[in-house]
Amino acid sequence: MSQSRYTFWVLILVVGIAGLSQGLTIPMLTVLLEKQGVSSVMNGLNAAALYIGMVMVNPFLEIPLRRIGYRSTILWGLLLVTIATALIPMFSHLAVWFVLRLLMGVGDSGLHYASQMWVTKIAAPENRGRDLSIYGLAYGVGFSIGPLGLSVLHLGIWVPFGGLLVLYLIAFLLLSRIKDEFPAQIEQTEKKQNKYAFVLRLAWLALIPSFLFGFMETSLNGSFPVYALRTGLSVEWVSLILPSFVVGSIILQMPLGALSDRLGRKQVMLACALVGGLAFFLFPFAGENVWLMMLLLAIAGAAVGSFYSLGLAFSADILPASMVPTAGIIAGVNFGVASILAPNVNGLLIDVWEPWTIFWLMGSLLIVFAAACLFFKQKAIQEQTYSMPLQKQG
């Protein structure tokens, strides 16, 4: 096995562990706060702390990535996540959990950003969609396993969180055995323009999926437990229904990535947005039928669960290699902003309107994105990117 493939598989395992951590922590703390009688709005605000941390640090992550490399950035992020995870079971106060979730968001952001950019760098262009789909698959598998930790909560809060700490130790050991690398340097011609404006102008469509994925993921993991408990479902059913979305994404993660390598990212994402939007619009009609809920969430997950990785691959197709880390920064900010908005908007909808409206909101966002795909002229932009001198593009 070549060094780059070994690095790739280590990153895949590490991101799987990170996914499991998020998949466990988000719904578990939501359920614990709901049982304490905390309002859905305050519960949503507390869940948003993770993503507030992400948004706070994301604009600055390109600096350590270029100065200390991919591996060192991942290790610092993993260290912060480990510290926060170890402290969570020691407290049960709303404000303390908010601060710890904030710290976890900072660490998660560094870990995911550096690992995504590293995978994008070492992936061959003709297999970029497949490799990033494997990355998304690993995160999805971990995320889908995470909520199962709710079923052992009765043994004590230290049981699931202690398991996470063991997995973090494994991640540290694996990362210590791979060689660090650095991103491509920005050319002098590229330094003459505003890199963020450049990326947004050329790859705006590729950056929307990160916002959509963040909104959907946080809506389901941060708001669905409240929706379910208020409609009479037990915590045990929540732990089984929630993974359906991620399990659905796991089924089609790699096929969609490979298909996008052949047919094009935009075409695949357009079709997926329509299918996912329809599934969310139909969800309220499932009533109390938990099996139908699981089926619809699985369909939605199969359709749009790979949006983040497809969007990142799309941006790498369009942009010069040196600008991909900047696209990753914008995608991370989009994800974080959406994840902050989702639990608060959904909490407001649940309190002042009907709980099922959170699903119609997600469906509407996907339909709007599908319409945006029709207005994006990928071929013209690719010609502009690679045929014209960069100093004339601004």
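## Basis of the report

The model is predicted, so that local features need pLDDT of at least 70 and side-chain atom pairs count only at pLDDT 80 or more, while totals for chains, interfaces and linings use all residues. Residues are numbered from 1 along each chain as its sequence is written, and side-chain values use heavy atoms, with hydrogens and water left out.

## The largest cavity

A search of the whole structure finds five cavities of 30 Å³ or more, a cavity being a set of points on a 1 Å grid over the protein atoms alone where a 1.4 Å probe fits but cannot get out. The largest cavity has a volume of about 460 Å³, a volume being the space filled by probe spheres set on the points.

Its lining (residues with an atom within 4 Å of a point) has 35 residues, of which Y139, F213, E217, Y308 and F335 lie nearest the centre. Helix 6 gives the most to this lining, with seven residues; helices are DSSP runs of H or I with at least four residues, numbered from the N terminus.

## The second largest cavity

The second largest cavity holds about 60 Å³ of space, and the residues that line it include T30, S40, N43 and P343. Helix 2 (40-57), helix 9 and helix 15 each supply at least two residues of that lining.

## A buried proline

P160 is found in helix 7 (residues 158-175). P160 has a relative accessible area of 9% and therefore counts as buried, which means under 20% with a 1.4 Å probe and protein chains only.

Definitions and conventions: Buried means under 20% relative accessible area, exposed over 50%, partly exposed in between (1.4 Å probe, protein chains only). On a 1 Å grid over the protein atoms alone, a cavity is a set of points where a 1.4 Å probe fits but cannot get out, and a pocket is an open set with protein on both sides within 12 Å along at least five of seven lines; lining residues have an atom within 4 Å of a point.
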